[in-house]
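Subject: Structure handover

Hi,

Here is the structure I promised to pass on. My notes follow below it.

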Amino acid sequence: MIDSKYEWQLNSENVNAEKVQATASELGLNPVAVEILFQRGYQDQAAIHRFLNPDPNDLGDPFLLHDMEKGISRITAAIEAEEQITIYGDYDADGLTSTAIMYETLTEIGANVNYYIPNRFSDGYGPNVDAFNKMIESGTTLIITVDNGVTGFEPVDFANQHHCDVIITDHHEIPEQGVPDAYAVIHARYPGAEYPFHFFSGAGIAFKVATALLDEIPQECLDLVTIGTIADLVSLTGENRILTKFGFQAIQNTQRPGLLKILELANLTAKPITERSIGFGIAPRLNALGRMGDANAGVELLTTVDDARANELAEQIETLNTKRRKLVTDIFKEACEQVEQPQNKDKKTILVAGDNWHEGVVGIVASRLVDKYNRPAVVLNLDSKTGIAKGSGRSIEGFNLFAALEPARQLMLKFGGHAMAVGLSVEQDAINKVADVFESNFKQPTRHEQSKPRLVIDDNISVDQIDESLVESLAKMAPYGTDNQEPVFEVKPTMVANVQTMGSRNSHLRFSISGNQNRINAVAFGKANLVDAIQALPNSIELAGTVEMNTWNNRSSIQFMVKDIQAAGIEVIDRRTDQLNKRMFTVNATYVFFNHKLMDKLAPYISENNSVIWYNDLSKEMVSDVVTIVDCPDTIDDLKKVANLIGDSKVILYLFKPSFIYASGLPSRQQFGMLFKLLSSRSAFNINQALNQIATQLKLDRSLVIFMIKVFQELRFVSITNGILEMTPHPSKQDLLASDSYHKRKVQLESEKQLLLPNSASLVTLFNNLIV
């Protein structure tokens, strides 16, 4: 049995099957893809066509955004007056691309402009009085925030008092108390003046400002707005879908030296750009800057036209990203060790702290802990010099992390966040108290499904339905992300084969999955621990995952990307052998024998801690977590008896048999007749002396002749006394099945045929089918 990591929830939206087929035919799309589009609300040809074919003409008028006209007028006046303009950005990928868009646009139209990216550790997030003061003292009279600003009440007031205007461009939630008293607040969800599309990233809002300033779509910034949009996980519907759809092509064709070098370092050169390219290749490298220190280099990287400088900056970023990844790995390992200590193992929440855990990556570590343990997690970096711990928390679906920790606010120095994520700082002496409040306020999500994280399954399909038509139709539905998730399919192959580990650490799996007519490859990242279990249940595997076209060495093939695996049945491992040795009995297990003599012979070599049992004496109480079936039973029924006593235990099949009888088989009636005739032609004779001659004359194996004579003996056709064989005069007719030896050999042949000859998959299937 393989237990799934997630609780699979099949989309229960009912759609009209006939309408799906008709629409698929009309639009030339795969019906499976059309069914998913119907489930997502695109239920007629016009809606589907608009969704699959984003049109730049559908981008809204930027002047519909609140304060856009006022903001553009102030910027234009500043340019004309040659005022110093400073862009105040943010240190993540969205903030860096927002800054780059605004900086390039203002530079293009002749502004006297520079930018400031706050430091995560010294400045913190958002507007900062000290930072604003530095800019004002340097001559800045207009500050434009990008990807931040709506919470900057005090810094904006400070700027106003010092005769510096602030234009806020932001996409974050507006506080309940309203917005700062800025010259202009350009925001898509400004109360009472909402823009038709609400879900821009910071880069998206900056792009709208650039459009208004240039009076045209800044196509040269499509690559930047796409990176920011994908990286910030905003809704990939509406205008964001239009921007990213065309932005992928812009990245593919980019002439930015810095972006070209990043693509090279991420091994994305000459590959189709997708949301995965950005989410796993580009964005983490940009984010590494802010996580590890000063992120200003990110804007320079994205805007420089100097190839040498771009290469230098990109290499620095790559070094930082490598360092960041190692830090995450090391801290995650230490955090797991704390979680698994006896005093923490049974807790419902996780709060861990470590000396000099890099503050910039603790949020990533918290997310990984949630993913591994399915518990809300807080990870703190403890500064031994100050005695203050700072960190981040991440939650599980259905659990309000902010509400659980809010009662401990008085114990903390700083605290903020929302249901799924928090940030906090706390004195070292108060860490355990905060942890106690966290644990005591844990409430299990009410939905039964939340015993595991939920995985929404869009459709249940067969391997035979996974073809190029489906892959092509799904590709048209991209880009995937928030509000347009990549479809996840449940697939139950008829067979899983060729299971192999892969990757530099052999931590991933590759295997083939088959239907009745089709076979494709599958890849399961981080699932190497399941290699034996999958091989043990090749006909019972159920997969959840996505479908893609994989291109390697200019060859393309369909590939199933596994997100989760489950399987009913017990784990059966095929280790069939015709030789036994001491090493095969070192595993802690219940060792079951069918041959009493063999059991007596091997028992001294098996540890006293293990059970050595003849199959007829086996009971459920004797079964351990692992059951090893040592030798091959004479009958399938004997094996069936054992199979139905082992419960969910793992089974190892040695099925030892030193020699097969299947090769010589069961003699035919004609062969029995030939032997009977030959023996009848002789008077009493010494069978031991004549045996080889008889076998040669009949062209039969010597052991087979011995068996046939034994059958005659049991049927009283012959008698043997002191080695002398003599025919019985006028023996009565009898069926060969009346001989115990004949019947036993026939049953043994069937046992060998079913247990020793089939491939592993067939053997495992047979064993599981024995269980009733």
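Contact here means heavy atoms within 4.5 Å. Bear in mind that this is a predicted model.

Start with Val234. It sits in the loop between α9 (222-231) and α10 (238-252). Buried means under 20% relative accessible area. Val234 has 11% relative accessibility, so it counts as buried. What does Val234 touch, leaving aside its neighbours within four places in sequence? Its contacts are His171, Phe199, Phe200, Ser201, Thr229, Asn240 and Thr482. Gly204 lies 30 residues away from Val234 along the chain, and their C-alpha atoms are separated by 9.9 Å.

Next, the two helices on either side of that loop. The axes of α9 and α10 are 8 Å apart, and the packing angle is about 120 degrees. α9 and α10 are therefore oblique to each other. The crossing of α9 past α10 is left-handed. On the α9 side, the contact is made by Leu222, Asp223, Val225, Thr226, Ile227, Thr229 and Ile230. α10 brings Asn240, Leu243, Thr244, Phe246, Gly247, Phe248, Ala250 and Ile251. By class, the residues of this contact are 9 nonpolar, 5 polar and 1 charged. Thr229 of α9 and Asn240 of α10 take part in it, and both also contact Val234.

Last, a hairpin. Strands β15 (residues 495-502) and β16 (residues 508-514) run antiparallel, joined by 6 bridges. Thr501 stands opposite Leu509 in β16. The hairpin has 5 residues between the strands. Gly503 takes a positive phi there, near 95 degrees.

Best wishes

Technical notes
Residues are numbered from 1 along each chain as its sequence is written. This is a predicted model: local features need pLDDT of at least 70, side-chain atom pairs count only at pLDDT 80 or more; totals for chains, interfaces and linings use all residues. Side-chain values use heavy atoms; hydrogens and water are left out. Helices (H or I, at least four residues) and strands (E, at least two) are DSSP runs, numbered from the N terminus. Buried means under 20% relative accessible area, exposed over 50%, partly exposed in between (1.4 Å probe, protein chains only). Two strands pair if DSSP finds at least two bridges between them. Axes are lines fitted to C-alpha atoms, for helices over the stretch in contact, and angles run from 0 to 180 degrees between N-to-C directions. Angles under 35 degrees count as roughly parallel, over 145 as roughly antiparallel, 65 to 115 as roughly perpendicular and the rest as oblique. A crossing is left-handed if the near helix is turned anticlockwise from the far one by less than a right angle, and right-handed if clockwise. Ala, Val, Leu, Ile, Met, Phe, Trp, Tyr, Cys and Pro count as nonpolar, Asp, Glu, Lys and Arg as charged, and the others, Gly among them, as polar.
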